[in-house]
Amino acid sequence: MKIKSLCSRIPKEDKALKSYIKNTFGFSPKNIHLYKQAFLHKSVSIENKENGYSTNNERLEYLGDAVLGAVVADFLYKKYPLSDEGFLTELRSRILNRNQLNKLSRKLGLDLFIKTKDCNLFVCESIIGDTFEAFIGTIYLDYGYDFAKKIMLEKIIMAHLDIESLAKTNTNYKGKLLAWSQKVKNKVEYKVSDEIIINNRKQYVVKLYIEDQLVSEGCDYTIKAAEQNAAMHACEILEL
């Protein structure tokens, strides 16, 4: 799976970013500098020599993660009034998992504005989803929670996600791959091949082999999640 370079497609003027936000999300930023920060990866942090503070999108990512969780939890609670906690938690996880955030970020074109020096496969995968969270955190700071919620629901969830389909989708890719392998009598193996540090957190790289042939790779903060990502890519390749 190829990921387009994030390093060579960065608009140089604030005007381009303002125009993108207006055209894509329907509003004009009040503080364009906050939005520029949302796309600034740690690898290209702006250092303040006077106070030693580094400007990047990590704090915005933290904030956006919390806002996203609250918005989606509230949305699902109201949409499925008769569903139990287990169903709501699982569906929220499907909406906000790393792969889904990566897809949303690309659909919305957020990846085109990212500034980073780290452009290997797995770093790019992580950066794209992290930027989505940072962008939502920025809207929250610029306009407040209610406005961020409105944008998230109207311009992102309702416009780009099929919630009913997600609710019915089997996201246990390891289980799906296991069932296929047993049917065709092929051996599937997962091997941790590397450990990398992204945003000061360790992530595991897992390689998936079928009949001793490398088929796919996955990366995440736990080995179990990395295996699921590798299995998801394998299912896509095998069209399962």
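Leu141 is partly exposed, because its relative accessible area of 46% falls between the 20% limit for buried and the 50% limit for exposed. Keep in mind as you look around that this is a predicted model.

You will find Leu141 in helix H6, which covers residues 121–143. Together with Tyr140 and Tyr145, Leu141 makes a nonpolar surface patch of about 250 Å².

## A well-covered helix

Now turn to helix H5, residues 98–108. This helix is mostly covered, with eight of its eleven residues buried. Which residues of H5 are buried? Leucines are among them, namely Leu101, Leu104 and Leu108.

After the helix comes Gly109, and the phi of Gly109 is positive, near 85°.

## A histidine in a loop

Our last stop is His41. Where is His41 placed? His41 belongs to the loop between helix H2 (32–38) and strand E1 (46–47).

Is His41 buried or exposed? His41 counts as buried because its relative accessibility is 6%, and buried means under 20%. The side chain of His41 also has a partner: a polar contact of 3.3 Å joins it to the side chain of Thr116.

Technical notes
Residues are numbered from 1 along each chain as its sequence is written. This is a predicted model: local features need pLDDT of at least 70, side-chain atom pairs count only at pLDDT 80 or more; totals for chains, interfaces and linings use all residues. Side-chain values use heavy atoms; hydrogens and water are left out. Patches are made of residues with over 30% relative accessible area and no salt bridge: like charges are joined within 9 Å, nonpolar side chains (Val, Leu, Ile, Met, Phe, Trp, Tyr) within 5 Å. Accessible areas come from the Shrake-Rupley method with a 1.4 Å probe; for residues, only the protein chains shown count as cover. A salt bridge is a side-chain nitrogen of Lys or Arg within 4 Å of a carboxyl oxygen of Asp or Glu. Helices (H or I, at least four residues) and strands (E, at least two) are DSSP runs, numbered from the N terminus. Buried means under 20% relative accessible area, exposed over 50%, partly exposed in between (1.4 Å probe, protein chains only). A polar contact is a pair of N or O atoms within 3.5 Å; within protein, one must be able to donate a hydrogen and the other to accept it, and residues adjacent in sequence count only if both atoms are side-chain atoms.
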